[in-house]
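Please look through the following report with the structure open beside you, and find each element as it is mentioned.

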Amino acid sequence: MEKNEITASDQAAEASETPKKKAPAPKPKKDPRDHLYKPKGRPLTMSSSPYSQTKDNVPKIMWCVSLALTPAVIGAVIFFGLKAVYMISISILAAMATEWIITRIRRKPNTLDDGSAFLTGLLLALTLPPTFPVSGCVLGSVFAIALGKQIFGGLGCNIFNPALLGRAFLQASFPVKMTTWVLPRYADMNAYTGSVSPDAITGATPLGLLKYEKIFTDLKPLFIGNVGGSLGETSALAILAGGIFLLILRHADWRIPVGFLGSVAIFGGIFWMVDPATYPSPLFHLLSGGLLLGAFFMATDMVTSPITIKGTWIYSIGAGLILVIIRLFGGLPEGVMYSILLMNGLTPLINRLTRPKFFGEARA
Amino acid sequence: MKLRTFKKGIHLEEYKEFSCDKKIEQMPLPKQVYIPLQQHIGAPCEPLVKKGDTVKTGQVIGRSSAYVSAPVHASITGVVKAVDKFFHPLGMRVEMVHIERTGDEDDWELLSIPENWEKAPRVELIKLINDAGIVGMGGAAFPTHVKLNPPTDKKIDSFILNGVECEPYLTSDHRLMVEHTDQILAGMNIIMSILNVENGYIGIENNKPDAIEMMSKRVKELGYSFLVVPLEVKYPQGAEKMLIESVLRRRVPAGGLPMDVGVVVNNVATAKAVADAVLEGKSLVERVTTVTGDGIVNPKNLLTRIGTPFNDLVEFCGGAKDETTMVFMGGPMMGQAQYDLSVPVIKATGGIVCNTSKMITMVKHFPCIHCGACVDACPMYLLPTQLAKLTEHKKYEEAEKLGIQNCIECGSCAFSCPAHIPLVQWLRVGKMRVSELKHKQKAS
């Protein structure tokens with residue numbers, strides 16, 4: 001204790017002297033730090049191990065997901081023209097502006113560079129019908145960022161997928177506009193079987209046609225995307241390309257699309273085998289509506305999906321089951337949004353209940 | 001052939017090429033050494049010498065009467081200059097014996113060894129190993145004689161020699177296995193006969209083919225029945241519990257010890273130290289240390305005396321480059337950053353790594369996005385992100401329920417976190433607080 005005091009007072013004395021001349025006289029007490037190794041006069045960096053870190057980081061993940069959506073965006077522009085460009089860019093801008101304003105109000109550092117606001121805006125736009133007014137996109141984006149994400153505390157704290165929450169808000173507020181569809185520019189009228197009236201087709205998605213008109217749509221246009229639907233969800237091809245890119249980069253957990261699509265195929269397939277005339281085939285389930293977009297880009301949102309492996313399976317299979325129930329027996333033709341939001345809400349509980357046994361733990 | 005391994009864990013850049021082909025070099029005797037009186041887990045030693053005493057190499061200078069402890073020995077012949085507190089590489093000031101070398105002689109004070117160790121009673125051998133001050137040299141520095149003397153109700157049936165060396169950069173165990181194969185095997189044989197076990201395994205990661213080949217060859221030639229087990233290159237393969245799972249498919253129960261599943265694990269350097277002690281009467285006064293990293297001019301594997309200041313080793317390797325920004329003892333995953341290179345080599349110093357800013361980068365933290373990378377990495381099946389959050393919010397009791405005390409602090413979680421959250425660092429804090437809390441509960 002005494003020693004420390006002396007050293008401290010020495011330092012104080014040293015500091016009070018102006019460093020004009022260096023005292024050559026030997027000090028009475030040697031400062032234990034005199035011989036510290038200082039390359040170029042800098043002290044060594046101290047920190048707690050590990051001193052090695054993965055090259056991944058959060059912005060990289062977010063921007064990679066956005067990059068993986070490029071094929072879907074291109075598809076949207078091909079099928080729905082310039083309107084798609086307006087909607088997507090306005091959504092993104094509105095989302096980023098909201099994020100910036102709220103971080104300013106909360107006196108938090110700017111978080112635009114982490115790419116999450118960009119991604120939310122982009123995803124929201126891709127889930128909207130092509131006839132939706134641009135002002136509605138702004139509203140949806142503001143809601144998604146402000147009440148879907150920032151109100152919980154920003155990135156990582158939200159319970160529900162912000163883009164889907166924004167869409168749910170728009171669905172509740174503008175139910176008619178959210179279900180008014182147009183056919184894409186290169187629509188193939190021969191793709192529809194059953195009692196076809198052109199009016200019905202221009203006004204509905206393949207799932208809507210099935211639900212209300214009992215019209216089945218061919219699988220090929222569903223796969224390519226020249227059918228009615230939201231901006232980014234019609235083309236299975238484009239979404240699969242981006243989704244597989246994400247899985248290869250491991251920025252999305254492969255269990256979620258596998259569990260989600262697999263359970264839809266199995267549960268949908270059971271009904272199809274019971275009565276193929278009434279119920280659509282599993283392939284139709286997979287390719288129609290927003291399922292692929294949801295399974296690859298919405299449900300895989302890391303923030304709102306479980307962290308445990310068992311939990312991830314429960315989450316994805318549960319979402320698939322809810323989706324099939326909504327599609328076949330619910331009032332709405334499509335249920336991807338609600339199935340994912342429901343499972344998002346269950347995620348904290350799933351995490352809690354599926355804690356893995358720790359190494360060597362004996363649990364009854 | 002599919003290599004044996006454990007589940008989860010991470011894959012790291014190895015950076016072993018700096019020193020993996022460099023032969024072990026004998027360091028010249030240091031001018032002075034600082035020998036910490038605590039280098040191991042357990043009770044610290046009481047100094048047996050005072051200022052002005054002359055000591056011989058291998059002379060006991062500190063001893064404790066506690067069972068879980070190991071004596072320390074003078075590592076050079078000289079005069080005790082001081083018994084005082086100096087900086088320890090683990091970051092605190094610890095009582096050390098400062099010895100200055102007199103002249104060039106290196107007088108050894110050897111232990112009295114049995115003429116034929118095979119006939120010597122087991123107790124005598126264990127006492128000899130204790131007197132030689134041998135501790136686990138892989139990093140944890142647990143006194144070896146305690147491991148070799150398990151309670152009688154634990155039936156030990158297997159012994160695993162740990163030659164995994166899963167930390168990046170370090171190559172001291174690798175070189176030992178290639179160059180001192182016979183001593184290591186002799187040490188293993190001694191340990192196994194003390195434990196009275198039949199099954200001996202040598203676990204080596206598959207990135208050391210020359211060591212695997214050398215060990216297998218000598219095992220065959222010397223007629224031992226040990227099995228060399230090549231293991232997948234994965235971190236933390238060398239952690240005791242992971243190694244036991246990899247080699248024997250047995251899981252040490254949570255909160256238990258390897259002896260609970262009938263296994264004892266020792267490091268290759270420890271086995272060599274045992275052979276040196278039992279066959280030659282040498283106490284543990286020197287060890288092989290890797291001096292490496294991209295900040296070192298000539299990375300080397302050095303046979304150095306315990307207590308040699310880091311500075312001497314670094315200078316012997318051509319010095320550190322000007323761009324060096326960080327020096328740590330041990331590997332980058334579980335090592336200890338140093339701020340002062342006057343600290344001495346201790347029994348657990350497997351390496352000194354000097355890195356430039358190219359290898360060590362400052363990172364920005366992001367909020368946790370629940371990606372689950374840490375959960376996928378944790379070899380103990382914990383949820384590091386939740387435990388870190390609970391610690392951050394001081395909910396230690398809940399953290400304990402979620403198994404924070406099982407954390408082996410391997411650092412896999414913090415490595416794999418894309419948000420660069422200091423997970424293992426939080427877990428260390430949490431573990432400390434939880435055990436403090438337990439102590440308090442016990443006291444009241």
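## A helix in chain A

In α6(A), the buried residues are A:Cys137, A:Gly140, A:Ser141, A:Phe143, A:Ala144 and A:Ile145, where buried means that 20 or more other C-beta atoms, placed from the backbone, lie within 10 Å of the residue's own. Helices (H or I, at least four residues) and strands (E, at least two) are DSSP runs, numbered from the N terminus. The cover over the buried residues of α6(A) includes α4 (82-105), α5 (116-126) and α7 (162-173) of chain A.

## How the model is read

This is a predicted model, in which local features need pLDDT of at least 70 and side-chain atom pairs count only at pLDDT 80 or more, while totals for chains, interfaces and linings use all residues. Residues are numbered from 1 along each chain as its sequence is written, and chains are lettered from A and ligands numbered from 1 in the order in which they are written.

## Strands in chain B

An open sheet of four strands in chain B has the order β2-β8-β7-β4, with antiparallel pairing; two strands pair if DSSP finds at least two bridges between them. β2 (32-36) and β4 (54-55) of chain B are at the edges with a single partner strand each, so one side of each has no neighbour in the sheet. Five bridges link β2(B) to β8 (residues 93-101) of chain B, and B:Ile35 has B:Val97 as its bridge partner in β8(B).

How values were computed
Buried ≥ 20, exposed ≤ 12 C-beta atoms within 10 Å, placed from the backbone. Contact = placed C-beta atoms within 7 Å.
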